[in-house]
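I opened my notebook to look at aromatic rings and inner cavities. Here is the structure I worked from.

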Amino acid sequence: MASMTFQDVLTNTAKTVLALDSLPDRLSPQNAIEVVEVRDVTETGNFLVRDDANGRFARVLTSGQPWAQKADIVEVGQAEWMVTLRGRATQQVRITDIVPELEGGSCSSPLSGSLVHAPGQGGADVIPLDVTIDAPVPRLTVYAEGDSKGQEPYFTGAKARNITLDRNESEAFLIRAQANLGYCRWRYRIHYQVDGTTAELVLNRPDGKPFELTAELPDAGGYTSVYFPSFLCARGGYDPREWFTSTGKEYASTQHVGVGVPCSQHR
């Protein structure tokens, strides 16, 4: 059976061929790949606010302005990142592995603080590259062919695949990270081959810091505050500018019994 190409797997792939005179003829193997973009595209889910003295983040939520960049926020449970790489060498570059490397070698306990619960109100596109970052050996995986739930390694194993980049060719893809147990900080080490030579590239966030993600606390009562949108209220109606606040313990009590939050007392 012929091996699957990267294009067969990634549904969110974008390829761009730039002007061929934009790069020199020869490059060091260490410069054969360029990181064009690393962008956090997580729009819904749970978010942790690390510094929320006196509940001041509530004013940010109700201002009607984008709030994710207004505080020290960490995604909870899951995060999605768009990554775009470009080949810079005259020879084709073959990426053979992308390996997550945890800072300190392991994750720590999940973060506490204030929780922003911002679930989506519709289905999400399937993201083909996944990593459970707090697994014993985190690896990038894809859905197994013919199995919508089973996962298999992308770069290793019996169906190992590669990513190829010709000169001035860009490849954009999404990686979805998940944390089930702890708070993790990590970088990706990209292994590749070009002109018979092996080389590596370390992938960080745009600010040079590591990626980070925290698992959800086992009990929502451990959060200082919980912010949630009005469509989660026990009453009907939804206003996207309307947010409510409860203590973690109050919020946890409603989740245990499976009822909506009584929002009228939490304006």
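Which residues form one aromatic cluster? I found Phe-47, Phe-57, Trp-67, Tyr-227 and Trp-243 in it. I note here that the model is predicted.

**Entry: aromatic pairs**

I searched the whole structure for aromatic pairs and got 11. I then looked up two of them.

I began with Phe-57 and Tyr-227. Their ring centres are 5.8 Å apart and their planes meet at 65°. An angle over 60 degrees counts as edge-to-face, so I wrote this pair down as edge-to-face. Next I checked where the two residues sit. Phe-57 belongs to helix α2, residues 57-61. Tyr-227 belongs to strand β16, residues 225-229.

Are Phe-57 and Tyr-227 buried or exposed? Buried means under 20% relative accessible area. Phe-57 has 3%, so I marked Phe-57 as buried. Tyr-227 has 0%, so Tyr-227 is buried too.

I turned to Trp-67 and Trp-243. Their ring centres lie 6.1 Å apart, with the planes at 75°. That makes this pair edge-to-face, because the angle is over 60 degrees. Trp-67 is in the loop between α2 and β4 (73-76). Trp-243 is in strand β17, residues 243-247. The pair therefore ties together parts that are 176 residues apart in sequence. I also looked up burial: Trp-67 is buried, and so is Trp-243.

**Entry: cavities**

How many cavities of 30 Å³ or more are there? I counted two.

I took the largest cavity and read off a volume of about 40 Å³. Its lining is made of Trp-81, Ile-175, Arg-176, Ala-177, Trp-186, Tyr-188 and Phe-211. Two elements give two or more residues each to this lining: β12 (169-178) and β13 (183-194). Which element gives the largest share? I found that β12 does, with three residues. I sorted the lining by class as well. Six residues are nonpolar, none is polar and one is charged.

I moved on to the second largest cavity. The volume there is about 30 Å³. I listed the residues that line this second cavity: Asp-97, Ile-98, Arg-139, Leu-140, Pro-153, Tyr-154, Phe-155 and Thr-156. By class, I got five nonpolar, one polar and two charged residues.

Definitions and conventions: Residues numbered from 1 in each chain as written. Predicted model: local features only at pLDDT ≥ 70, side-chain atom pairs only at ≥ 80, totals over all residues. Heavy atoms only, no water. 1 Å grid on protein atoms, 1.4 Å probe; cavity = no way out; pocket = protein on both sides within 12 Å on 5 of 7 lines; lining within 4 Å. Points joined across faces, edges and corners; volume = space filled by probe spheres on them. Helix = DSSP H or I, 4+ residues; strand = E, 2+ residues; numbered from the N terminus. Nonpolar A, V, L, I, M, F, W, Y, C, P; charged D, E, K, R; others polar. Phe/Tyr/Trp six-rings, centres within 6.5 Å; stacked < 30°, edge-to-face > 60°. Buried < 20%, exposed > 50% of the residue type's maximum accessible area, 1.4 Å probe, protein only.
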